[in-house]
Amino acid sequence: MKMRKMVTRGRLAWLLSLVLVGIQLSTGIDIHRASADPLRPAPTSTGYFIYVTDFYGQGNNAYYRGYNATIGGNPRIFILDFGRQWQNPTTGNWGVNLIHTEIKHSINWVISVAQAFIDGYNDNPSHPTARIAIGTNNSDHPWVCDNPSGNVDPRWYPAGQQWGTIIANLSDRSRVTVFSANDIEDWFLDFHDWGACGVGTRAWFAGYMTQTSRLNYDFGENPRTQRANQWTQDDVWYVAWGAPPALVLPQIFCNDGNPPIWAGSWSALVSYKQGYMWIDGVSSENALPGDTTTCGGPLTLSWQTSWNRLHTALTNAGWEDRLLSTAISYRANANSP
């Protein structure tokens, strides 16, 4: 009888593995990342994302910022956002354009600063393990990007390759696992005469995957809510979950309006894919003092409220088990630990 149970269990496990493989092949979902549990509790602390400044490249600043960094959350996540990618029109060399500035730096500068921060964090004996993601965004103005025609600037693909090269050249440490990150949005409201599109961002992923298999966090808003003619539901799903390296921490900065451009758009996306995606948590501006523009008057939501808003939207749609207990919030002073 005991042997019969063992054989039966073995056969059931084998049959289950076939079912899971079949799901993966038919849907493109990596089953190994589908690990959400029902009734997952709200996060009790938050990770962070910051906009890297020129300060980080001066002396040992990046190392000491890493050494003194505090990172909450489960898992602990810290995103260093280096701004958008940039290609020198004269030399053809690639680099970054730091956010809110016109300061530009090379790929080697990014690698040096990122690795110094990683090493600093790792060298602090009091630090627990963490995921440190090296981030960019897809606000690559004025690269052509048009979904209906499929016409995209040829730089989208090599931009992904260049970012993949950066991530591939960084080293994990005993307390740090390296990730990539991309603040994927539409950006039309920022530039008014230009916006990113799904086809271009897919091309970025195609280039990225030629250089590394490290996972990438999408920590932007749902771009389809701004210009549905430039982003299909499949585009948003692909960059958030469908691509092999894709994970998502969607921006939930404001309460849903009409249409529901924040939490409601993500529950609608999960419903569109019939539950075939997981959401790792949220990114939040955490009631940033002075920002009364993003949400049309009120301050942005706290990270706790951001997570609760998304959890409520998913619960109302029947997908509460698709949300993990993670939150990251914006740290306004990038020069503090």
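**Overall figures**

The protein exposes about 14,800 Å², of which carbon and sulfur atoms supply 53%; accessible areas come from the Shrake-Rupley method with a 1.4 Å probe, and for residues only the protein chains shown count as cover. This is a predicted model, in which local features need pLDDT of at least 70 and side-chain atom pairs count only at pLDDT 80 or more, while totals for chains, interfaces and linings use all residues. Residues are numbered from 1 along each chain as its sequence is written, and side-chain values use heavy atoms, with hydrogens and water left out.

- The protein has nine helices and twelve strands; helices (H or I, at least four residues) and strands (E, at least two) are DSSP runs, numbered from the N terminus.
- Of the 337 residues in the protein, 51% are buried, where buried means under 20% relative accessible area, exposed over 50% and partly exposed in between (1.4 Å probe, protein chains only).
- Among contacts with a separation of 6 or more, 76% are between residues 24 or more positions apart; a contact means heavy atoms within 4.5 Å.

**Packing of H7 and H8**

- Helix H7 (residues 233-242) packs against helix H8 (residues 263-272) at an angle of about 95°, and their axes are 10 Å apart.
- Axes are lines fitted to C-alpha atoms, for helices over the stretch in contact, and angles run from 0 to 180 degrees between N-to-C directions.
- H7 and H8 are therefore roughly perpendicular to each other, given that angles under 35 degrees count as roughly parallel, over 145 as roughly antiparallel, 65 to 115 as roughly perpendicular and the rest as oblique.
- H7 contributes Gln233, Asp234, Val236, Trp237 and Ala240 to the contact, and H8 contributes Trp266, Ala268, Leu269 and Tyr272.
- By class, this contact of H7 with H8 has seven nonpolar, one polar and one charged residues; Ala, Val, Leu, Ile, Met, Phe, Trp, Tyr, Cys and Pro count as nonpolar, Asp, Glu, Lys and Arg as charged, and the others, Gly among them, as polar.

**Disulfides**

- The count comes to two disulfides, a disulfide being a pair of cysteine sulfur atoms within 2.5 Å.
- With bonded cysteines counted along the chain, the disulfides follow the pattern 1-2, 3-4.
- Cys145 is joined to Cys197 with an S to S distance of 2.0 Å, and this link is left-handed, with -85° about the S-S bond.
- Cys145 lies in strand S6 (residues 145-146) and Cys197 in the loop between helix H5 (188-191) and helix H6 (198-208), so the pair ties together parts that are 52 residues apart in sequence.
- Cys145 counts as buried at 10% relative accessibility, and Cys197 counts as buried at 0%.
- Cys254 and Cys295 form a disulfide with their sulfur atoms 1.9 Å apart; this link is left-handed, with -90° about the S-S bond.
- Cys254 sits in the loop between strand S10 (246-248) and H8, and Cys295 in the loop between strand S11 (282-284) and helix H9 (303-316), 41 residues apart.
- Cys254 is buried, with a relative accessible area of 5%, and Cys295 counts as buried at 19% relative accessibility.

**Surroundings of Ile328**

- Ile328 lies in strand S12 (residues 327-330) and is buried, with a relative accessible area of 0%.
- Not counting residues up to four places away in sequence, Ile328 touches residues including Tyr48, Phe49, Ile77, Ile79, Phe219, Leu249 and Val282.
- The C-alpha atoms of Ile328 and Trp303 are separated by 7.2 Å, although these residues are 25 residues apart along the chain.
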